[in-house]
Amino acid sequence: MRPPIASLVVLLLVVAALTMIGLDGIHATGVPQAVSDGEQQIAADTALSMRTTIDAEASTVRRTAKAYPATSASTPATTLKALTAARKGILGSALLDPRTGKLLATGGKTVQLAGFDAAKAASGHGGIPPRLVTSDGTRQLLYFAKVTLPAQQEDANQDQNQVPSGPDRQWLLVVSEALPAPTAYGDGRTAEVLDASGTALATASHGTASPAGADSSLPSAATRAAKGSGQDTDASGSLLGASAGSRRTVAGWAQVASTTGPGDTDGLGLVVLTSRTVPATATAVDYSGFALKAAGALVVLALLLGLALHFFLQRPLLWLYLSAGRLARGATESGPAAWEELSRPVPVNGFGEMSRIGRALESLRRQLLGESGPQDFPARRGPGYRALAAVGVLVVACWAVPMISVLNRAHSATAVPASVVAVQQTRTEITSNRVRQSLDQLYTDLSDAAAGLPGSSRAAQTEVLRRTLDDHKQFRSLYLLDSSGAITLRVGGSPLRTIVHVPGGGGITTVNTSGRIPAIAAYAQVRAVKGKAPAEGVVLFGEIDVKALNSILSRPKLGSVWVTDDDDRVLAANVGYRAFQSLPDSGLSRLARATQGAPGTAGTATSRVLRTSSGPSVDGAAPLAQSGPTARLGWHVVTAEPAAALQIPAVQAEQRTMLAGILGLTLGAACLGWLYVVVVRPLRSVAVLVERLAGGDRRTVLHPVNHDEIGSVTRSLELMRQALAERDRAARSGHAAGSSPSRRQTTLQR
């Protein structure tokens, strides 16, 4: 009996303490923490986009050099021209002898190679990471690649078909390009790329933005924070800048470095800094007062419940336990002690089952003394201790239910600041841009592969496709189609296509409309080359592994992200989904359709706060592309982040208030249910048995179920039943007839 009562009081006091601690720590400052965290994530997303751009360019330079069909007769000038002719963004280029560092050929502007050790750089395994240099007062990136050529023939008259006897030659390709400029997303935001000293190398702004340089402390503070975090991680953070009236600058910084291990951008020391001015609230919100009141009310309820159960249940049951034991001793013993035990009346305490048992015990006491016979008890009974347990649950619910459904409710329209909603929209745009860049790059690389197919043998075409598949893990299958749509050549996995068509031009498309896996493919025409044999296929398809797209969508604190087609069916996501299913909420579908612009336009991004069963959700949607091969698809990127995951004071207060109410109601109901199972229900059974015994039932054996107070009462009742049954048997056999009283009656009278 004592454990459930004590547990009820202690656990309710614990819930009160948790309520106090949880709500007391919520404070609304001038700039919500969610806004600062959002700016940090925007900087991290921007840095990731820049890192992806640099990594892709470095990979392209290396891949181009690796695929160059060099011969032993290739000259540096022709090799350099062939490697850079198709590259429009190249500012300057050079070919070096890596053993001596000698300049073999140059093109375009002068490449700044001061302090560069070609021999040391080329001696290592793997690719050479890009370098940041200054040329003509501007910062440029140098990309490197090793060009391997067959060994030269020792004799000019030697048969060209013979294998050269000398080792392969190696040249070092150096390409200089402009530093990629950051993209500023969201109205009023500025994005800057800083070097290790805090100098701005490139700046971009969107709308009416104020550069972060206006607050001179932000760039230097960002670079210091980046240096303190190390250069081999994708560290990021947020900063608060100067205030101007009712607005304050919020900045985020992030390193342009690899997320896992060494990467091409680790040694550049670049930092992305984004900033934006947001409204600063002058009034602070403090939930300490509410926390104190809620916790105090629960403490009072816990103490009142404990006292009520102590006086109405624990003490009466203790008296009942003692009275039943006393009667059992009187029924089994003899002499004056037995008379003394049976002479005292049984106190009737409590109500319900307790009073019924008390009255029945008093009747049994009188029967043991021979003062009365069996007694009938009324079948109609009043409320018992089951009602007391129900009232206890109701009392706890009076505190918990308002906490769950009424108090501190966050209104969807006002709880989430507009700046947080704008952050979600901005991050959705950035994610959409990353998906577009990935698909555009895959299309470009597939087009380059298609350009090398005409006029080649089947073996050469197969080698081109295998090399493309090895260099691009995003492709799961590459295949050539003829004019009828039949596959004439394939490398990689089995195609997932169910739509057989031969499209014109090139771009991105889906090649199935059902199944477990969406099949997204890039395609490019295989042009016939004049004077060469036409290719056996007319279109090159590259099916994209949907896992590659899913991995792009996963970003911290962005929530659930989906890529949908023009019918709002899911093609990729960072959460579990079924292929071509609808979005999980109709509000998200409406949000995706709201991005559509006028006919023939891609539309614009949008965001809003939607109310769901689990609370407010900050959602955003953006068209996948406004230009390029994916523009005409009509695809969207949709995001949904529960407001509870963001550090918004109003939402935090709602969630923690609801949690406190749920905990209080659950624990209170569990403890009172425990009390009902171990005390109230057995007590009801004992009440029925003792009334039957007092009514003359001497045959029903009473078995104690538990070793507790109720079990002790049951054992005492069994002893009294045996004593009464023995007396009844003696009376029926005639031992009690005549004028001589029985030995027990004589003893009791004495």
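Me: Is Arg698 buried or exposed?
Reply: In this predicted model, Arg698 counts as buried at 11% relative accessibility. Buried means under 20% relative accessible area, exposed over 50%, and partly exposed in between, with a 1.4 Å probe and protein chains only.

Me: Which side chain does Arg698 meet in a salt bridge?
Reply: Arg698 meets Asp728, at 3.0 Å from N to O. A salt bridge is a side-chain nitrogen of Lys or Arg within 4 Å of a carboxyl oxygen of Asp or Glu. Arg698 is in the loop between α15 and α16 and Asp728 in helix α16, 30 residues apart. Asp728 counts as partly exposed, at 21%.

Me: How many salt bridges are there by this rule?
Reply: The count comes to 22. Among them is Arg684 with Glu353, at 3.1 Å from N to O. Arg684 lies in helix α15 and Glu353 in helix α8 (residues 353-369), so this pair ties together parts 331 residues apart in sequence. Glu353 is buried at 3%, whereas Arg684 is partly exposed at 28%.

Me: Changing topic, what is the average pLDDT of the protein chain?
Reply: The average is 84, and 90% of the residues score at least 70. pLDDT is the predictor's confidence in each residue, from 0 to 100.

Me: Where does pLDDT stay under 50?
Reply: One such stretch is residues 736-750.

Me: Which conventions apply here?
Reply: Residues are numbered from 1 along each chain as its sequence is written, and side-chain values use heavy atoms, leaving out hydrogens and water. Local features need pLDDT of at least 70 and side-chain atom pairs count only at pLDDT 80 or more, while totals for chains, interfaces and linings use all residues.

How values were computed. Contact means heavy atoms within 4.5 Å. Helices (H or I, at least four residues) and strands (E, at least two) are DSSP runs, numbered from the N terminus.
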